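Visitor: I am new to this structure and would like to go through it step by step. Please show it first.

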Amino acid sequence: MQSSLPTTEQRNPASYRIDTKSTLEILSIINEEDRKVPLAVEACLPVIANLVDDVVVSFKKGGRLFYIGAGTSGRLGVLDASECPPTFGVPPTMVQGIIAGGLPALTNAIESAEDNPTAGVAELQARSFTKDDVLVGITASGQAPYVIGAMAWAQSIGAKVGAISCNEHSKVFDHADHKIHVAVGAEIITGSTRMKSGTAQKLVLNMITTASMIRIGKVYNNLMVDLLPLNAKLVDRAKRLIIEVTGCTRAEAEELYKLSKGNIRIASLMHMLKVDAPEARRLLDESDGSINRALDKKGVSV
């Protein structure tokens, strides 16, 4: 008989009597279940792609991407958002993570915070959320009023809204243009959605931001060419990236780094097209930030 409980609350027969197993047996059971996660994400790729396309449209007109969630889901959204500035050289306002309960909830469980359906709306309004932005609700079970309220409001003002949930009949899907149902099945420990559900959400979030940033030119081939050189290690990495992209010498990279004011993409185009920094910036702007598109326009093949 099929359970009436949401998938995330059902018991997993694969882990029955797991408390009687050896350490290696426990790890083997967990690992075997974890193998199912990327396959479940694979089934969602067309929907994720449509969401990414909307995020790219938003970015190109100055919009932002917001994640909103509670508990583990909220923490994962904040984590993914916080890693975008150093990785892709974007301002911290471009991708934002909102968690029920605010900053204290990042390190302490504040379970009751997810029960307020207007608090999420208030947080979006405080951040001047508009119809040009994109909101993605993240919730393993898909029932958090905090998330649902924010999503419903965002849709009501005309914004594009996505939802990530591991329950097929999740309530968040009632308020989403892009319904990402990641069917990972019941958890190893019943209801512990920090496990397979959390892993699935992390993979999807990685895809959304990474693919969006690639589409707006933040990656050249497979290199992070717009990272922010905020410390000595990253300054050195930026110069090494200039060398790797262009094939120039270390001395040339040092000078290019200086003339471009630490902008790897501009420095690279300066060397590859033999232009100055303002011209390299103009070419980038005309090519949606993409080095490859700028080279193609000039008929340069590398």
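Visitor: Which residues lie on one side of β2 and which on the other, and are they buried or exposed?

Guide: This is a predicted model, in which local features need pLDDT of at least 70, side-chain atom pairs count only at pLDDT 80 or more, and totals for chains, interfaces and linings use all residues. Residues are numbered from 1 along each chain as its sequence is written, and side-chain values use heavy atoms, with hydrogens and water left out. Strand β2 covers residues 95–99; strands (E, at least two residues) and helices (H or I, at least four) are DSSP runs numbered from the N terminus. Buried means under 20% relative accessible area, exposed over 50%, and partly exposed in between, with a 1.4 Å probe and protein chains only. V95, G97 and I99 are on one side, Q96 and I98 are on the other, and both sets are buried.

Visitor: In which sense do β1 and β2 pair?

Guide: Two strands pair if DSSP finds at least two bridges between them. Strand β1 (residues 65–69) has five bridges with β2. L65 stands opposite V95. The sense of the pairing is parallel.

Visitor: Which residues do the ring pairs link into a cluster?

Guide: Rings of Phe, Tyr and Trp (its six-membered ring) pair if their centres lie within 6.5 Å; planes under 30 degrees apart count as stacked, over 60 as edge-to-face and the rest as tilted. The whole structure has two aromatic pairs: F66 with F129 is edge-to-face, at 5.2 Å centre to centre and 65° between the planes, while F129 with W153 is tilted, at 6.0 Å and 55°. The cluster consists of F66, F129 and W153.

Visitor: Where in the chain is F129, and where is W153?

Guide: The two are 24 residues apart, and their pair links distant parts of the chain. Both are buried. F129 is in the loop between α6 and β3, and W153 is in helix α7 (residues 145–156).

Visitor: How are α11 and α12 oriented to each other?

Guide: Helix α11 (residues 264–273) and helix α12 (residues 277–286) pack at about 105°, with axes 9 Å apart. Axes are lines fitted to C-alpha atoms, for helices over the stretch in contact, and angles run from 0 to 180 degrees between N-to-C directions. Angles under 35 degrees count as roughly parallel, over 145 as roughly antiparallel, 65 to 115 as roughly perpendicular and the rest as oblique. The two helices are therefore roughly perpendicular.
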